[in-house]
Amino acid sequence: CAVYPEPPKEILRPVYLPEKLLTSPGPCNCSDRVLQSLSQQMLGHLHPEICQLMDDIKAGLWYAFQTRNRLTLALSTSGHGGMEACLDNLLEPGETALIAKCGIWGERAADMANRSGANIKFLETALGVPFDLTALEKALAKHRPAVVFVTHAESSTGMKQPLEGVGKLVHKYEALLIVDAVASLGGEPFFMDAWQVDAAYAGSQKVLGAPPGITPVSFSPRAERKIFRRKTRPAYYWDLKILGNYWSCFGAPRVYHHTISATLVYGLRTALAQLVEEGLLASWARHAATAVRFRKGLRDLGLQCYIENPEHQLSTVIAIKLPANIDGNILIAQVMKKYKIEISGGLGPTVNKVLRIGLMGINAEAYTADRVLSVIHNELQHSLKAKI
Ligand code: GLV
């Protein structure tokens with residue numbers, strides 16, 4: 001009988017991949033140790049060794065998030081899934097979500113919350129400008145939301161949102177605070193319990209230096225109460241009541257929810273071990289020192305950061321204002337073609353306005369910062385000469 005389609009020839013080609021320096025806002029390069037962990041043989045997702053590694057991951061995440069939340073685990077998904085899981089578990093249809101919007105992530109969260117049936121209200125500031133507590137309180141009093149969504153590290157602009165006092169205010173109005181810490185966790189100070197954050201999620205592939213696809217999340221006891229008392233059910237895949245059991249967060253025997261990737265468990269477990277060995281304070285200081293060096297280098301080249309106020313500049317992702325006479329897409333393509341270095345353009349509202357550089361995880365160090373500066377310098381010179 002006929003076999004259709006024909007066996008594809010392309011699949012028989014060997015896979016040779018180039019080594020690239022990943023200095024976009026993520027993913028960043030994995031350490032050799034993380035890479036080695038990923039090459040270990042598969043194990044069953046409920047084998048005792050994997051359960052032990054999952055427990056280790058929880059301990060590593062308590063440290064990384066600075067929390068005692070028992071409902072702390074890693075989702076089998078990208079950072080987007082972390083966002084959706086937080087919104088879907090903490091919002092019921094008809095409730096109001098107040099979303100701080102000053103870049104792409106507020107827009108994305110609004111889209112997701114809307115699909116969960118929530119009414120969306122925005123706390124909007126100009127691009128790259130954080131909100132302040134007065135504006136937040138006004139919006140809370142006006143909209144009486146069930147949930148407030150805030151992005152700690154707005155990677156589209158390189159802006160850091162100060163979080164001191166935000167949780168306290170949100171709780172005064174009996175709402176829950178969700179924080180997107182995808183591009184900050186491990187590289188910027190983050191204090192989940194002290195800042196009274198109710199739900200937070202991070203990117204495994206950013207500062208933590210694991211592959212994407214396994215997203216750390218944590219939920220406060222307040223958030224847990226909402227999860228257990230809600231009247232409607234969230235999507236099965238995001239249901240934290242079942243996932244919490246799968247990760248043995250509630251002291252009961254583990255219950256199968258889905259088949260986690262053992263490989264990603266090895267990777268995240270190893271990446272968190274590296275964070276713990278270095279220590280959070282040292283990691284924050286290393287990211288800050290690299291960013292200071294990089295920004296000084298930019299000034300020396302006559303370039304400007306998109307975020308001008310040093311208090312609101314992220315260390316992990318730096319957005320550079322695109323000089324008027326430069327085509328960012330050509331520059332980015334040349335940097336990749338000639339040097340195998342990834343830098344990124346704008347995202348969402350910053351498209352064609354900025355270049356974005358991520359100096360995270362093992363790439364947050366002086367040599368890499370200097371190398372990226374030097375290729376940007378070369379390519380700017382090249383583009384300008386080509387125009388004369
Ligand atoms: C993705 O997270 C990005 O900022 O490009």
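A salt bridge is taken here as a side-chain nitrogen of Lys or Arg within 4 Å of a carboxyl oxygen of Asp or Glu. By this rule, the predicted model holds 15 salt bridges.

Lys58 is buried at 6% relative accessibility, whereas Asp55 is partly exposed at 30%. Shared partners join Asp55, Lys58 and Arg254 into one salt-bridge network.

Helix H2 (residues 48-65) also meets helix H9 (residues 262-278), their axes coming within 9 Å and crossing at roughly 40°. That angle makes H2 oblique to H9, and the crossing is left-handed. The contact comprises 13 nonpolar, one polar and two charged residues. Among the residues that meet are Ile50, Leu53 and Ile57 of H2, with Val265, Leu268 and Leu272 of H9. Arg269 and Asp56 form a salt bridge, their closest N and O atoms lying 2.7 Å apart. Because Arg269 belongs to H9 and Asp56 to H2, this pair ties together parts 213 residues apart in sequence. Arg269 is partly exposed at 28%, and Asp56 is partly exposed at 23%.

Elsewhere, Glu188 pairs with Lys160 in a salt bridge, with 2.9 Å between the closest N and O atoms. Glu188 sits in the loop between strands S8 and S9, and Lys160 in strand S7, 28 residues apart. Glu188 is buried, with a relative accessible area of 2%.

Terms used. Residues numbered from 1 in each chain as written. Predicted model: local features only at pLDDT ≥ 70, side-chain atom pairs only at ≥ 80, totals over all residues. Heavy atoms only, no water. Axes fitted to C-alpha atoms, helices over the stretch in contact; angles between N-to-C directions. Helix = DSSP H or I, 4+ residues; strand = E, 2+ residues; numbered from the N terminus. Parallel < 35°, antiparallel > 145°, perpendicular 65-115°, else oblique. Left-handed = near helix turned anticlockwise from the far one by under 90°. Contact = heavy atoms within 4.5 Å. Nonpolar A, V, L, I, M, F, W, Y, C, P; charged D, E, K, R; others polar. Buried < 20%, exposed > 50% of the residue type's maximum accessible area, 1.4 Å probe, protein only.
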